[in-house]
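This briefing sets out the overall composition, the salt bridges and a surface patch of the structure shown below. Please read it alongside the sequence and the coordinates.

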Amino acid sequence: MLRKLRYFFLGRLFPCALLLAATAAGIVALSIYLPIALLPIMAIERAFALGVCLFTMRQTELPETRAAWLLIVLLLPWTGAVLRLCKKRANERSRTCPAQTERFCGAFGAVQSVAEHCGFAPSLAQTVEYFSTGKDLYPRLLADLNGANKFILLEYYIVERGEFWNSVLAILQKKAREGVDVRLIYDDFGCVSTLPKRYAEELRRMGIAAYPFQKVRAFPLRKLNQRDHRKIAVIDGTTAYTGGINLADEYINVTVKYGHWKDTAVRLTGAPAGAFAKLFAERWNYRFPNDPAPFSPCAEKGDIPCIPYCDEPASYRERVCPKLYRTVFSRAEKTLYLCTPYLTADDVFLQTLILAAQAGADVRLMIPHIPDRKSVFALTRRCARILESCGVKIREYTCGFLHQKTLTADGALSAVGTYNLDFRSLYLQYECGVLVKDETLTRAIERDFLEMWEQGVPVPKAGVCEKIFASALSLLSPLF
């Protein structure tokens, strides 16, 4: 705790916090005194706010997002309107992932059509292996890293010095000395309390090419809300890992924060590994166009259909995961099992889940019982109670903190990735995942889910204070 406080006050996040506090104070002051000072031109203020409201209503954002901005503009006519216009400019500058072109089968049906429309075509994996805990993943990942001959590509939201990262780092140093091309992207905000400011320079002196994604700076503040939440490890372009597990000790339960940390990942070999290498290369090459990351499509083919996919901050019409998930929900006939640590999705997303339950599918959802963020936890339970009232079965994981992000449908289709079912993951951050059509993998994830389900507890009824708190938060949750 003391180390984190030291990182905060002496690190790069503290100036940003001061600037945010000053900005908030300035907004309050302007909201109070500016209308008085500009009383003679009150009509201009109202016209300006009305114009921004009309501008907001015409946008193609989520209805919840537009409603939240309208509330801010109406409450803070001058400052709220200016913030709204600045936010719109930030969204327009977002990039989308270039399309992949491989097409070969219709294994996923309508899901495949949606994925290809968004630029992600299926590929065939040789093997797909599921890890139900970070402890199971740990030795396998180290072994694969130790066997690298060409390159190692790592992209993670959190990297924290400890047993897990130190073991990985020792292998990376050894491989770099052997001539293997080793590269790392880590999110600067995610690592603000776990790594020193100039850690990338330390890694480069070890022979490891590294950079922090979107350094935490006081300006521009808008980028603080667009984080690289991906977890990708690619070895030689033939083996890849993805899921919810970061390179930190709580993910392998060496460090205990909220009880047993429940998280998962998948290991893929063959063509999907090449697709994840391409995702990494696009992110790296955007930052270093003169130092391209190694990438070559994997020629090794298998017989397990997969769709690797990703998202970048953009308008909701361009996001891939919400479309894929809604398509899976709407076509589930027997079972639909989901795990998520955070549940604050938009109304369209939740309604599709409700319709699946009302159409006769056995729809079950696991959420945490122990919170890591109390505000998000209140919103999660609020959404869970809404879903429960409409036929979705929900339980809470009691053994610790549930960080798992998985989906299975009808015993045949499964998804593992970095997406939480909240606005941030679905619409604001850089994310990735993989859809797999394989009964063996799906059965493994379902067994893991049902074991948790038997140990879970129902969502408790909300108290009056919790209802008021969650309802107030829900008005602004689409913006964060």
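A salt bridge is a side-chain nitrogen of Lys or Arg within 4 Å of a carboxyl oxygen of Asp or Glu. By that criterion, Asp-181, Arg-183 and Asp-291 are joined in a network of salt bridges. The model is predicted: local features need pLDDT of at least 70 and side-chain atom pairs count only at pLDDT 80 or more, while totals for chains, interfaces and linings use all residues. Residues are numbered from 1 along each chain as its sequence is written, and side-chain values use heavy atoms, with hydrogens and water left out.

**Overall composition**

- The protein chain contains 16 helices and 19 strands; helices (H or I, at least four residues) and strands (E, at least two) are DSSP runs, numbered from the N terminus.
- Of the 480 residues in the protein chain, 55% are buried, where buried means under 20% relative accessible area, exposed over 50%, and partly exposed in between (1.4 Å probe, protein chains only).
- Among contacts (heavy atoms within 4.5 Å) between residues at least 6 apart in sequence, 80% join residues at least 24 apart.
- The accessible surface of the protein chain is about 20500 Å², and carbon and sulfur atoms account for 59% of that surface; accessible areas come from the Shrake-Rupley method with a 1.4 Å probe, and for residues only the protein chains shown count as cover.

**Salt bridges**

- Side chains of opposite charge can pair when their charged atoms come close.
- The structure holds 16 salt bridges.
- One of them joins Arg-140 to Glu-129, with the closest N and O atoms 2.5 Å apart.
- This pair links distant parts of the chain, 11 residues apart, with Arg-140 in helix H7 (residues 134-146) and Glu-129 in strand S1 (residues 123-131).
- Arg-140 is partly exposed at 30% relative accessible area, and Glu-129 is partly exposed at 28%.
- Lys-257 pairs with Glu-250, the closest N and O atoms being 3.5 Å apart; Lys-257 is partly exposed at 36%, whereas Glu-250 is buried at 5%.
- Arg-381 and Glu-396 form a salt bridge at 2.8 Å, N to O.
- Arg-381 belongs to helix H13 (residues 374-388) and Glu-396 to strand S13 (residues 393-397), so this pair ties together parts 15 residues apart in sequence.
- Both Arg-381 and Glu-396 are buried.

**Surface patch**

- Val-28, Ile-32 and Tyr-33 form a nonpolar surface patch with about 330 Å² of accessible area together.
- Patches are made of residues with over 30% relative accessible area and no salt bridge, like charges being joined within 9 Å and nonpolar side chains (Val, Leu, Ile, Met, Phe, Trp, Tyr) within 5 Å.
- Ile-32 lies in helix H2 (residues 13-37) and is partly exposed, with a relative accessible area of 46%.
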